[in-house]
Amino acid sequence: GGNRAKETLIFFRNNPASTPKRILLKRNRLGNKDCFCISDIIINTCNELEEIDLGNNCIGPKGLKSISKALVDRECALQRLDLSINNLTDKHIRSLAGEFF
């Protein structure tokens with residue numbers, strides 16, 4: 001569950017040479033604080049990272065803002081970002097989309 005996911009995040013944050021192509025952490029009770037670690041991973045591996053699945057967690061506006069800041073102004077390979085079923089409203093998601101379009 002959540003502890004294993006957090007250990008995985010810490011590993012990738014501390015070992016950027018072990019670049020993941022996908023971060024698949026659906027249903028792990030991840031929250032805003034975990035998004036700071038995810039943001040570090042995005043910043044360090046943006047050109048390789050293709051998919052981030054954070055659906056069905058506890059991410060709120062602060063976590064979304066952290067992820068958004070990590071993605072903006074970077075040449076990312078990211079093709080898919082799933083934030084469904086979190087503590088976010090449509091307004092939050094539209095705001096994120098507005099950063100890229």
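**Overall fold and the setting of K21**

K21 is partly exposed, because its relative accessible area of 41% falls between the cut-offs of 20% for buried and 50% for exposed residues. This residue lies in the loop that links α1 to β1. Leaving aside residues up to four places away in sequence, K21 touches E48, L49, E50 and E51. I59 lies elsewhere: K21 and I59 are separated by 38 residues in sequence, and their C-alpha atoms are 21 Å apart in space.

The model is predicted. Its mean pLDDT is 87. A score of at least 70 is reached by 96% of the residues. Strand β2, residues 51-53, has the highest mean pLDDT, at 94. Helix α1, residues 2-14, has the lowest, at 81.

The protein contains four helices and three strands. Along the sequence, these elements follow the pattern α-β-α-β-α-β-α. The strands form an open sheet, in the order β1-β2-β3, with parallel pairing. Its edges are β1 (22-24) and β3 (80-82), each of which pairs on one side only. From one strand to the next, the twist averages 10 degrees. Strands β2 and β3 run parallel and are joined by three bridges. In this part of the sheet, D53 stands opposite D82 of β3.

The overall dimensions were examined next. The protein has 101 residues, and a compact globule of that length would have a radius of gyration near 13 Å. The value for the protein is 12 Å, and it therefore agrees with the globule expectation. Along the principal axes, the C-alpha atoms fill a box of roughly 35 × 30 × 20 Å.

Of the 101 residues, 40% are buried. The protein exposes about 6100 Å². Carbon and sulfur atoms supply 48% of this area. Contacts between residues at least 6 apart in sequence were also considered. Of these, 86% join residues at least 24 apart.

Notes
Residues numbered from 1 in each chain as written. Predicted model: local features only at pLDDT ≥ 70, side-chain atom pairs only at ≥ 80, totals over all residues. Heavy atoms only, no water. pLDDT = per-residue confidence, 0-100. Helix = DSSP H or I, 4+ residues; strand = E, 2+ residues; numbered from the N terminus. Pairing = 2+ DSSP bridges. Axes fitted to C-alpha atoms, helices over the stretch in contact; angles between N-to-C directions. Rg over C-alpha atoms; globule rule 2.2 N^0.38 Å. Buried < 20%, exposed > 50% of the residue type's maximum accessible area, 1.4 Å probe, protein only. Contact = heavy atoms within 4.5 Å. Areas by Shrake-Rupley, 256 points an atom, 1.4 Å probe, with all protein chains shown as cover.
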